[in-house]
Amino acid sequence: MPSKLISADTFWLTIRELHAKLVAKEFSCEELTKAWAERLEKIGPKYNALAHPLTKIAMKRAKEIDKELKRGRTRGPLQGVPFGAKDLLSFANEPTRWGAKPFEGQKFPDHAAAIAKLDKAGAVCIGKLGMVELAGGGGYRYAAASLTGPGLNPWDPARWSGGSSSGSGSAVAAGLVPYALGSETWGSILTPAAYCNVTGHRPTYGFVSRAGAMALSWTLDKIGPMCRSAEDCGIVMQTIAGGDSNDPGSAGKSFYFAPVHVRPNAEIRVGFAPADLDLLVDADVRKVFADALDAFRQMGFPMKEVALPAMPYSAAASTIIACEASSIFEELIASGRVDQLADQNQIAGLKASFDYTARDYLKAMRVRTLAAEALRKLFVDVDILLTPSRITIASKLTDALDKMTGVTREDVTPKDRGLRDLSAAGNLAGLPALSLPCGFAHGMPLAMSVVSRPFQDNLVLTVGTRFQERSDWHKRRPPGVE
Amino acid sequence: MVRRRDFAWFLMAAAPPATAQTAADDLAAAKERVKSNSQELNKFSLSIATEPAFAFKAY
């Protein structure tokens, strides 16, 4: 039960709101951290969201923050606000298990760069959050592909929270952390964000340092925030983004969340593919996305139909991830310890990755060059792309994720690829994407993604903020969560 | 006389076991996916001038 000072509503506040209450001394950082940490420890396991609590360390940090606040030493809106981190990010001298049994006892001496930056900003990490084992790089069949069990969706615990940032999605959705760090190689922020009604930002590749994060695919991994709002994502991004010589993929650029510098809606051209929606079998799901597109029209964005050229985007992305993962996890696979993983399909995928040749990898990387060029051409005529983050509601826990059928119509031949390949293409090209809750079907959340050119994260986050100023989907709370 | 429920039991007992996806099946399927990805990439024509999307620099 929350203390008298901290009401049940406190757990649904944004970062700014929480920080304002701290500065106004409505409660101390210690009281706030204790309330959140207790809530995460108590309710987190119900959704398999908690990989490892950090309550003791968090309380010590909270006391230090209180002293700073007392002295008037302010560091910014993240100061004193708790957060959770996907368990692929190292937290000094605490377990970092990557969701995988073979790495159960693993610890690192230093914080991951993103966690270190948040710590420097006065944020308080209260726990490591559950994830799909090894971020799902081998290709997993079932939601249970995790040391901590399947991520359960707070909107319906018989459904999956999505992955691989499962715990980050469900913890934010259930009000167990104000925000979380997740990661995406191909879909791992946007999927749980969409399934759990959370706002998730996949930054431009190279914006946020990967130092101290488990590598799955060196050229595709991105660390990003999962929050209650686009504005919160912007606030977190401003702290975690920035150059880092310890990350060979670092772009060496800083990020400033500055909505005031983004031009009016009438000057932001939106690309979309309405024919993609016509392919969806579920009429309720189609309606949610159609309404979301209408909402953008009504906000004054000029809309234009676009289509990606046909290319083997998915084959290229799959090949690159498998080849890089096969090198990263070479010892794990060659030694046979890979057999300790939970998911048979994942084990098989990692073993089979040894069959790829150097020519396969180079071919995929050459296709990648063309994919990036195709997207550059697309962005001559538009500034952002709008597409469903996921075309279904969250799957059931028992569904085989690699055998989903009945989602798209077989009787319709589309005239072009629309934006159906954007998930693969966008990740290949390292583009920023923001998943925005946009409605519900069958009681479950759905989301649209706003995607833009590299380093246009401010544009994407600002468009998201504007959308959320006139909608309240992102504020909805899962029924049945305390 | 054979009762219907006894006959049903007999049919079930005689039926071949349901196909289970074994680890070997999964590995074979995964290897097929590797081949399939490779084939799909090979079908795509690339100009000789298209370089891979990484740039080595001798700093």
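This is a predicted model: local features need pLDDT of at least 70, side-chain atom pairs count only at pLDDT 80 or more; totals for chains, interfaces and linings use all residues.
A residue counts as buried when its relative accessible area is under 20%, as exposed when that value is over 50%, and as partly exposed in between. Asn48(A), with a relative accessible area of 22%, is therefore partly exposed.

Asn48(A) deserves a moment for its backbone. Its phi is near 55°, a positive value in a residue other than glycine. Most residues other than glycine have a negative phi, and most peptide bonds are trans. In chain A, Asn48(A) sits in the loop that runs between helix 2 (29-43) and strand 1 (50-53).

Trp98(A) also has a positive phi without being glycine, in this case near 60°. Its loop is the one between strand 2 (82-86) and helix 4 (113-120) of chain A. Is Trp98(A) buried or exposed? Its relative accessible area is 12%, so Trp98(A) is buried.

There is also a peptide bond to point out. The bond from Gly163(A) to Ser164(A) is cis, and its omega is near 10°. Ser164(A) belongs to the loop between strand 5 (156-160) and helix 5 (166-173) of chain A.

I turn now to the interior. In soluble globular proteins, nonpolar side chains tend to be buried together. In this model the largest nonpolar core has 169 residues, and those with the most contacts inside it are Leu134(A), Tyr179(A), Phe329(A), Leu375(A) and Leu385(A). Which helix gives the largest share of this core? That is helix 13 (residues 358-381) of chain A, with 11 residues.

Let us take Leu375(A) from that list. Beyond its neighbours within four places in sequence, Leu375(A) is in contact with Leu308(A), Leu385(A), Leu422(A), Ala425(A), Gly426(A), Ala429(A) and Leu431(A).

Not counting residues up to four places away in sequence, Pro82(A) touches Leu32(A), Thr33(A), Trp36(A), Val124(A), Ile126(A), Pro178(A) and Tyr179(A).

Next, the charged side chains. Over all chains, a search of the whole structure finds 33 salt bridges, and I shall show a few of them.

In one, Asp291(A) pairs with Lys287(A), the closest N and O atoms being 2.7 Å apart. Why are these two separated by about one helical turn? They are four residues apart in helix 9 (residues 283-298) of chain A. Asp291(A) is partly exposed, because its relative accessibility is 39%.

In another, the side chains of Glu331(A) and Arg337(A) meet with a distance of 3.0 Å, N to O. Arg337(A) has a relative accessible area of 27% and is therefore partly exposed.

Arg409(A) and Asp411(A) also form a salt bridge, with their closest N and O atoms 3.0 Å apart. Arg409(A) is partly exposed, at a relative accessible area of 34%, whereas Asp411(A), at 58%, counts as exposed. Finally, a network of salt bridges links Arg263(A), Arg269(A), Asp383(A) and Arg453(A).

That leaves the meeting of the two chains. The size of an interface is often given as the accessible area lost when the parts come together. Between them, chain A and chain B bury about 2200 Å², with 63% of it on carbon and sulfur atoms. Pro312(A), Lys363(A) and Arg366(A) supply 25% of the area that chain A buries against chain B, more than any other three residues. The contact takes 28 residues from chain A and 22 residues from chain B.

How many salt bridges cross the interface of chain A and chain B? The rule finds two. Asp26(B) forms a salt bridge with Arg141(A), and there the closest N and O atoms are 2.9 Å apart. Across the interface, nine residue pairs are in polar contact.

On the side of chain A that touches chain B, helix 10 (313-328), helix 12 (344-352) and helix 13 of chain A each supply at least two residues. The largest share of that side, 11 residues, is from helix 13. By type, the residues of this side are 14 nonpolar, six polar and eight charged.

Definitions and conventions: Residues are numbered from 1 along each chain as its sequence is written. Chains are lettered from A and ligands numbered from 1 in the order in which they are written. Side-chain values use heavy atoms; hydrogens and water are left out. A nonpolar core is a set of buried Ala, Val, Leu, Ile, Met, Phe, Trp, Tyr and Cys residues joined through side-chain atoms within 4.5 Å. Buried means under 20% relative accessible area, exposed over 50%, partly exposed in between (1.4 Å probe, protein chains only). Contact means heavy atoms within 4.5 Å. Buried area is the accessible area (1.4 Å probe) that two parts lose on being put together, summed over both. A salt bridge is a side-chain nitrogen of Lys or Arg within 4 Å of a carboxyl oxygen of Asp or Glu. A polar contact is a pair of N or O atoms within 3.5 Å; within protein, one must be able to donate a hydrogen and the other to accept it, and residues adjacent in sequence count only if both atoms are side-chain atoms. Ala, Val, Leu, Ile, Met, Phe, Trp, Tyr, Cys and Pro count as nonpolar, Asp, Glu, Lys and Arg as charged, and the others, Gly among them, as polar.
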